[in-house]
Amino acid sequence: MLSDGGFWIVQILNSLQLAMLLFLLSVGLTVIFGLMNFVNLAHGSLYAAGALIGYSVSMWTGSVWWAYLLAPVAVMALGWALYGLVIDRMRKAGPMNQVLVTFGLIFVLMDVQRYIWGTDQVGVQNAPFSGSIEILGQIYPEYRLFIIAVGLGVFALLYLSLEYTRLGAEVRAGVDDAETASCLGVNVERTFLIVFLIGCALAGLAGAVALPAFSAEAGMGIAILIPTLVVVVVGGLGSLTGALAGSLLIATTLTFGQVFLPKFAGILMYALLVVILLVRPQGLFPARS
């Protein structure tokens with residue numbers, strides 16, 4: 001097995017596919033952390049909402065492509081409502097209160113999802129790229145390559161937006177020093193809201209993209225929340241590069257851990273977290289020290 005080139009390529013692609021899902025979730029969360037200093041533990045529930053809304057959209061329209069388009073918009077609208085009702089009121093309440101409130105939101109959103117979609121797993125059968133390709137004698141699903149392409153495309157789009165647009169400059173200024181940016185005329189409050197909504201939309205997109213590969217159920221956001229938080233801490237707060245690097249590291253650790261040490265894959269992730277925190281407590285690529 002170890003001398004089989006196809007085996008290594010398939011495992012690397014599996015790592016990349018998981019990394020792209022973690023990136024789509026963590027990039028919004030890390031920028032919200034970095035810009036707003038807000039701990040939103042309900043971010044994983046927005047991922048579950050994206051998958052379940054995507055399921056309903058694909059059933060209504062008969063096309064998963066509409067789910068990729070409408071689920072992020074719907075989750076962004078849900079995030080807007082949460083921002084107005086809860087998040088904005090809790091921004092100055094301190095991290096402990098933020099953790100407690102958003103932890104409660106996880107269960108509120110999970111019960112709402114169970115009420116609407118039930119407790120069974122749901123999936124779609126009409127996903128695009130449903131075939132397989134052969135890589136050095138190994139059969140690999142085309143859809144997982146599609147997930148990798150979506151993640152890399154979103155990274156490129158976010159990188160160009162952060163580096164070459166006015167909004168990107170405002171986000172970078174806000175992450176670096178919000179008070180000074182505000183004194184220089186940056187509407188930090190508006191930037192806060194836009195960043196939060198983009199983070200929600202990306203969580204919804206991650207859920208919709210994951211739906212054909214993993215199916216969906218109420219509460220699926222809890223399982224993905226811990227690896228996502230680990231990615232944010234490992235990569236460093238507020239950093240696009242950190243989110244990508246952290247996603248690649250954690251996904252590689254989990255994927256190869258499941259292959260070679262399946263009983264200790266989760267422990268390996270936390271061991272990597274501890275090592276990085278001991279060496280670089282601020283994370284690998286923090287937006288600010």
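The structure is a predicted model, so local features are taken only where pLDDT is at least 70 and side-chain atom pairs only at pLDDT 80 or more, while totals for chains, interfaces and linings use all residues. Numbering starts from 1 along each chain as its sequence is written, and side-chain values rest on heavy atoms, with hydrogens and water left out.

Starting with the fold, the protein chain has eleven helices and two strands; here helices (H or I, at least four residues) and strands (E, at least two) are DSSP runs, numbered from the N terminus. In sequence order the pattern reads α-α-α-α-β-β-α-α-α-α-α-α-α. The radius of gyration of the protein chain is 19 Å, close to the 19 Å that the globule rule gives for 289 residues, so the chain is as compact as a globular protein of that length. That radius is taken over C-alpha atoms, and the globule rule is 2.2 Å times the number of residues to the power 0.38. Laid along its principal axes, the C-alpha trace spans about 60 × 45 × 35 Å. Of the 289 residues, 51% are buried, where buried means under 20% relative accessible area, exposed means over 50%, and partly exposed is in between (1.4 Å probe, protein chains only).

Since 26 of its 32 residues are buried, helix 1 is largely enclosed by the rest of the structure.

With 16 residues, helix 9 reaches 23 Å from its first C-alpha to its last, close to the 22 Å expected at 1.5 Å a residue. The bend, about 30°, sits at I226, and a proline, P227, follows within four residues. Twelve of the 16 residues of helix 9 are buried, so this helix too is largely enclosed by the rest of the structure. Among those buried residues are M220, G221, I224, P227 and G235.

The largest pocket has a volume of about 390 Å³. Of the 19 residues lining the largest pocket, L158, S161, L162, I198 and L202 are the closest to its centre. Two or more lining residues come from each of helix 1 (5–36), helix 5 (142–164), helix 6 (166–176) and helix 8 (188–214). By type, the lining of the largest pocket splits into 13 nonpolar, six polar and no charged residues. For these classes, Ala, Val, Leu, Ile, Met, Phe, Trp, Tyr, Cys and Pro count as nonpolar, Asp, Glu, Lys and Arg as charged, and the others, Gly among them, as polar. A pocket, on a 1 Å grid over the protein atoms alone with a 1.4 Å probe, is an open set of points with protein on both sides within 12 Å along at least five of seven lines, and lining residues have an atom within 4 Å of a point.

The second largest pocket holds about 310 Å³ of space. Its lining has 16 residues, with Y47, F214, M220, A223 and I224 nearest the centre. Helix 1 and helix 9 each supply at least two of the lining residues. Twelve of the lining residues are nonpolar, three polar and one charged.

G50 is in helix 2 (residues 43–61) and counts as buried, at 0% relative accessibility. G50 and G207 are 157 residues apart in sequence, but 4.6 Å apart in space, C-alpha to C-alpha. Y159, in helix 5, is partly exposed at 37% relative accessibility. Y159 and V274 are 115 residues apart in sequence and 29 Å apart in space, C-alpha to C-alpha.

Two loop residues have a positive phi without being glycine. F129 has a phi of about 55° and is found between helix 4 (95–117) and strand 1 (132–135); with a relative accessible area of 40%, F129 is partly exposed. S215 has a phi near 65° and is found in the loop between helix 8 and helix 9.

Technical notes:
Points joined across faces, edges and corners; volume = space filled by probe spheres on them. Expected span 1.5 Å × (residues − 1). Bend = angle between axes of the 7 residues up to and from the residue.
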